[in-house]
Amino acid sequence: MEEVVQLKRVTEFNQMRGAMMLHRLITVLDLAKANPMPASTFNFGVYAVYLKEVKCDDLKYGRENYDYQEGTLAFIAPGQIIGVPPKEKTFAPKGWALLFDPALIKGTHLGKHIQDYAFFSYELKEALHLSDKVRQPILDCFTKILYELNQSIDKHSKTLILSNIERFLNYRTRFYDRHFFTREHENKGILGKFEELLHQYFVSDKPQQLGLPSVTYIAGELKHFANYFGDLVKKETDKSPQEYIKSKVIAIGKKRIFDFCKSVSEISYPLGFRYPQHFTRLIKQKAGVFPNEYRKLN
């Protein structure tokens, strides 16, 4: 079984890459000046961002190899497994890395909102590819953080460092929004597949076997990571995938209510509800009346 190296601290990363230790909780590293990562599999205990400036294939997410395009921006959250496949020759790509310990942001505004940046949980294949024009603001943030790390630490240092991390993350949010917008046609194709997948799900016996479809299940069937898929659906429909699925269930449920030969229980179970009361509550919440009353009104 392949050994997984625990990379719990920024200091451990700096030592491995031969980088100067400027701060124990954060580092900004020019990859062209650093030692290459050894061919191992790592469990990251810190947040990490990689900006690659040449095409390479030196990282693997879980068991899947990923070929970086030039100008790729990828994010790693604590607990993710990243591997460097064995090679005959070690390749040190150009680019930058930003790593920071969760302890750096604990109790801060960024710490309270870090979960809002769902892209830290995207798969590497869903990394963001940047043009030269939009790459510059990213590099500017890295440069400003590195500048602060090279100064004498004072009471303003942490505030300035964190503000530039947030500024960088907000730039990234803007660029991903543009990414979703420019891929509008492709995204609508995915939404069409989402709709068709839900249709096929509810005409099969899967609801009784698996229950109501989860976002993780749907995203997996569409070959996307759940958080990326969730953001895509939200941008296109202004609904979360959970809301979209619920609205689909309600629409199907309302139609099936008019099969007077079936009880509410006989309708709810094939939709994936474990308890008929949950279906009844959902219809009441959306239609304003209980299922049996809804039958009489229509």
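Which residues in H9 meet Pro 241, Glu 243 and Tyr 244 in H10? The residues in question are Phe 229, Gly 230, Val 233, Lys 234 and Thr 237, with a contact taken as heavy atoms within 4.5 Å. Before going further, a word on the ground rules. The model is a predicted one, so to speak: local features need pLDDT of at least 70, side-chain atom pairs count only at pLDDT 80 or more, and totals for chains, interfaces and linings use all residues. Residues are numbered from 1 along each chain as its sequence is written, and side-chain values use heavy atoms, with hydrogens and water left out.

Taking the chain as a whole, its secondary structure comes to 13 helices and ten strands; these are DSSP runs numbered from the N terminus, with helices (H or I) of at least four residues and strands (E) of at least two. Of the 298 residues in the protein chain, 47% are buried, where buried means under 20% relative accessible area, exposed over 50% and partly exposed in between, using a 1.4 Å probe and protein chains only. Among contacts in the protein chain with a separation of 6 or more, 71% come from residues 24 or more positions apart.

Back to the opening pair. Helix H9 (residues 226-237) packs on H10 at an angle of about 65°, and the two axes are 8 Å apart. H9 is therefore roughly perpendicular to H10. Axes here are lines fitted to C-alpha atoms, for helices over the stretch in contact, with angles running from 0 to 180 degrees between N-to-C directions. Angles under 35 degrees count as roughly parallel, over 145 as roughly antiparallel, 65 to 115 as roughly perpendicular and the rest as oblique. Sorted by class, the H9 and H10 contact has four nonpolar, two polar and two charged residues. For that sorting, Ala, Val, Leu, Ile, Met, Phe, Trp, Tyr, Cys and Pro are nonpolar, Asp, Glu, Lys and Arg are charged, and the others, Gly among them, are polar.

H10 itself has 16 residues, which should span 22 Å at 1.5 Å a residue, and its end C-alpha atoms are 23 Å apart, which agrees; the expected span is 1.5 Å times one less than the number of residues. The buried residues of H10 are Pro 241, Tyr 244, Ile 245, Lys 248, Val 249, Ile 250, Ile 252 and Gly 253.

H10 (residues 241-256) also has helix H12 (residues 276-287) as a partner, with axes that come within 10 Å and cross at roughly 95°. That makes H10 roughly perpendicular to H12. On the H10 side, Lys 246, Val 249, Ile 250, Gly 253 and Lys 254 take part, meeting Phe 279, Leu 282, Ile 283, Lys 286 and Ala 287 in H12. This contact has six nonpolar, one polar and three charged residues.

H12 has twelve residues and reaches 16 Å from first C-alpha to last, close to the 16 Å expected. Its buried residues are Pro 276, Phe 279, Thr 280, Leu 282 and Ile 283. Down the axis of H12 these fall within an arc of 160°, so they line one face of the helix; the arc is that of the directions from the helix axis to the C-beta atoms. They pack against H10, helix H11 (264-268) and helix H13 (291-297). Turned away from that buried side are the exposed residues Arg 281 and Gln 285. Gly 288 follows H12, with a positive phi near 85°.

In H1, Val 10, Phe 13, Asn 14, Met 16 and Arg 17 are buried. Their arc, seen down the axis of H1, is within 165°, so they line one face of the helix. The buried residues of H1 pack against strands E1 (4-7), E2 (26-30), E3 (41-44), E4 (47-52) and E9 (95-100). Arg 17 lies in H1 (residues 10-17) and counts as buried at 4% relative accessibility. Leaving out residues up to four places away in sequence, Arg 17 touches Leu 29, Leu 31, Ala 34, Asn 35, Pro 36, Met 37 and Tyr 50. Just after H1, Gly 18 takes a positive phi of about 70°.

Over in strand E9, Leu 98 is buried at 0% relative accessibility. Its C-alpha atom is separated by 8.6 Å from that of Leu 51, 47 residues apart along the chain.
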